Amino acid sequence: MAVERTLSIIKPDGVERNLIGKVVARFEEEGLAPVAMRMVHLSKKEAEGFYAVHAERPFFDSLVQFMTRSPVVVMVLEGDDAIARNREIMGATNPEEADEGTLRALYASGIEENTVHGSDSPENAAKEIKYFFSDVQVFSRA
Ligand code: ADP
Ligand code: MG
């Protein structure tokens, strides 16, 4: 298994409901170590840029409005197989379809307000990490 890095976001609904500690604790317990972290209130432009692949989806405007509603926590997680492991820990996009015990099954209130984001491939992880962090802001703990 290779050590990887992935981008994780605790979305506005997670921050608003004081779930930062619980989410970060879960990642640490599962062997995904934060190696960069900050809070940011995304502008409309920043949220649109981040979710550009979804620009043609019917839920795009609503998603951008949700993601800019209040601050989010952006972080880079490092660990074995971090990209896939993070997706497993998060659970399916729709919390009703998420496996028991996953973050979305535990905390998400709907398919849009689903508490966490995680990169879905090595290419997107690299792109998304770069979107929020410069090289010198990302540490290594492997
Ligand atoms: P994931 O975050 O699991 O990778 P997607 O990349 O498909 O899911 O979608 C990005 C985000 O857009 C989701 O996490 C969710 O916040 C929102 N979203 C996805 N599908 C819908 C939908 N049908 N209605 C409203 N929001 C959605
Ligand atoms: Mg996605």
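Which backbone N or O atom lies 2.8 Å from an oxygen atom of ligand 1? Select E112: a backbone N or O atom of that residue is at this distance from the ligand oxygen, a polar contact (a pair of N or O atoms within 3.5 Å; within protein, one must be able to donate a hydrogen and the other to accept it, and residues adjacent in sequence count only if both atoms are side-chain atoms).

The model is predicted: local features need pLDDT of at least 70 and side-chain atom pairs pLDDT 80 or more, while totals for chains, interfaces and linings use all residues. Residues are numbered from 1 along each chain as written, chains are lettered from A and ligands numbered from 1 in the order written, and side-chain values use heavy atoms, without hydrogens and water.

Stay at ligand 1 and select K11, then N114. An oxygen atom of the ligand is 2.9 Å from a side-chain N or O atom of K11, and an oxygen atom of the ligand is also 2.9 Å from a side-chain N or O atom of N114. On its own, ligand 1 has 530 Å² of accessible area, of which the protein covers 79% (Shrake-Rupley method, 1.4 Å probe).

Next, show the residues around ligand 1, with a heavy atom within 4 Å of it; among them are Y51, H54, F59, R87 and R104.

Move on to F50 and Y51. The whole structure has 4 aromatic pairs (ring centres of Phe, Tyr or Trp, the last by its six-membered ring, within 6.5 Å; planes under 30 degrees apart are stacked, over 60 edge-to-face, the rest tilted). The F50 and Y51 ring centres are 5.0 Å apart with planes at 80 degrees, so this pair is edge-to-face. F50 is buried at 10% relative accessible area, and Y51 is buried at 7% (buried is under 20%, exposed over 50%, partly exposed in between; 1.4 Å probe, protein chains only).

Now select Y131 and F132, an edge-to-face pair with centres 5.2 Å apart and planes at 85 degrees. Y131 is partly exposed at 36%, whereas F132 is buried at 8%. Ring pairs join F50, Y51, Y131 and F132 in a cluster.
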